[in-house]
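My notes are kept in the order in which I looked.

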Amino acid sequence: MATTPRPLQTVARAARWGGANQTEGGGVKGVRAGRACAAIGSKSCQSRVGPASSFPHPEAKGTSGEMAARACGLIIYRRLQPAASSRPADGIEYLLLQTSYGTHHWTPPKGHVDPGEDDLQTAFRETQEEAGLQANQLTLVEGYKKELHYPVHGKPKTVVYWLAEVKDCNTEIKLSDEHQAFRWLKLEDACKFAEYEDMQATLKDVHQFLCSKE
């Protein structure tokens, strides 16, 4: 059973919205992007190349290099109409964003928890800021919540993910200047782009969860 979340009050970070324009094809920087795009080949990347920046670790945020001890986000998916001979799950695609900093890794929208926010508010705010998706454009899927724990620069970090479906599979994605590209990907391709084992395992877990509900 899915419920539609109430629109949340969000604080726009104007500095992160530097007139994002998505272009199809080239412009994707980084070794990871090259390997991932080459692996799929026939599909082109939707990209926005932001100003060059250097960060000490893929999870770093902000110019100070401070680490967020707790971050929250949404794993976003859409359902395309599968072929008549296919299973409904074959039409599921997941949204991944490529960072414009560090190693240009691919991840669902997420970010650190601001003072006064609860975790779910953070997840929706970050999704709006990083992908341009408003809460009323999404349906939060009940019964799924995943916590990842890993060290960043020797300090523990927790990332909490919820699961949400876009109501319209043609909804426009609007990147902030923290990201330079986005892709809608089937599970196998999403795992190739994600690369990190914990993110790959989470995507597989989500897919199994969705398949079990059909």
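The entries below go topic by topic.

**Ground rules**

I am working with a predicted model, so I noted the limits: local features need pLDDT of at least 70, side-chain atom pairs count only at pLDDT 80 or more, and totals for chains, interfaces and linings use all residues. Residues are numbered from 1 along each chain as its sequence is written, and side-chain values use heavy atoms, with hydrogens and water left out.

**Entry 1: aromatic pairs**

I looked for ring pairs and found two. My criterion was ring centres within 6.5 Å for Phe, Tyr and Trp (its six-membered ring), with planes under 30 degrees apart counted as stacked, over 60 as edge-to-face and the rest as tilted. Trp-106 and Phe-193 have ring centres 4.7 Å apart and planes at 80°, so I logged the pair as edge-to-face. Trp-106 sits in strand β6 (residues 106–107) and Phe-193 in helix α3 (residues 187–194), 87 residues apart. Helices (H or I, at least four residues) and strands (E, at least two) are DSSP runs, numbered from the N terminus.

I then checked burial, where buried means under 20% relative accessible area, exposed over 50% and partly exposed in between (1.4 Å probe, protein chains only). Trp-106 is buried at 1%. Phe-193 is buried, also with a value of 1%.

The pair Tyr-144 and Phe-209 is tilted, with 5.3 Å centre to centre and 55° between the planes. Tyr-144 lies in strand β8 (residues 138–152) and Phe-209 in helix α4 (residues 197–212), so this pair ties together parts 65 residues apart in sequence. Tyr-144 is buried at 6% relative accessibility.

**Entry 2: Arg-78**

Next I looked up Arg-78, which is in strand β4 (residues 70–79). At 16% relative accessibility, Arg-78 counts as buried. Which side chain does Arg-78 join through a polar contact of 2.8 Å? The partner is Glu-93. For polar contacts I took N or O atoms within 3.5 Å; within protein, one must be able to donate a hydrogen and the other to accept it, and residues adjacent in sequence count only if both atoms are side-chain atoms.

Glu-93 and Arg-78 also form a salt bridge, with the closest N and O atoms 2.8 Å apart. That term requires a side-chain nitrogen of Lys or Arg within 4 Å of a carboxyl oxygen of Asp or Glu. Glu-93 is in strand β5 and Arg-78 in strand β4, 15 residues apart. Glu-93 is buried at 7%. A polar side-chain atom of Arg-78 lies 2.9 Å from the backbone oxygen of Cys-169.

I listed contacts too (heavy atoms within 4.5 Å). Leaving out residues up to four places away in sequence, Arg-78 touches Gly-91, Ile-92, Glu-93, Val-166, Cys-169 and Trp-184.

**Entry 3: helix α2**

The 13 residues should span 18 Å, and the end C-alpha atoms are 18 Å apart, which agrees. Of those 13 residues, 11 are buried. The buried ones include Phe-124 and Arg-125. They pack against β4, β5 (92–99), β7 (110–112), β8, β9 (155–166) and β10 (179–185).

Asp-118 caps the N-terminal end: its side-chain oxygen lies 3.2 Å from the backbone nitrogen of Leu-120. Gly-132 follows the helix and has a positive phi, near 75°.

I found nine salt bridges in the structure. Asp-114 forms one with Arg-125, at 3.4 Å between the closest N and O atoms. Asp-114 is in the loop between β7 and α2, and Arg-125 in helix α2, 11 residues apart. Both Asp-114 and Arg-125 are buried.

Glu-117 also meets Arg-125 in a salt bridge (2.4 Å, N to O). Is Glu-117 buried or partly exposed? At 21% relative accessibility, Glu-117 counts as partly exposed. Arg-125 is buried at 3%. Shared partners join Asp-114, Glu-117, Arg-125, Glu-126 and Glu-129 into one network.

**Entry 4: nonpolar cores**

Last, I looked up cores: sets of buried Ala, Val, Leu, Ile, Met, Phe, Trp, Tyr and Cys residues joined through side-chain atoms within 4.5 Å. The largest has 28 residues, and those with the most contacts inside it include Ile-75, Tyr-77 and Leu-210. β4, β5, β8, β9, β10, α3 and α4 each give two or more residues to this core. A second, separate core of 20 residues includes Leu-97, Leu-138, Trp-162 and Ala-164.

Key. The expected span of a helix is 1.5 Å times one less than its number of residues.
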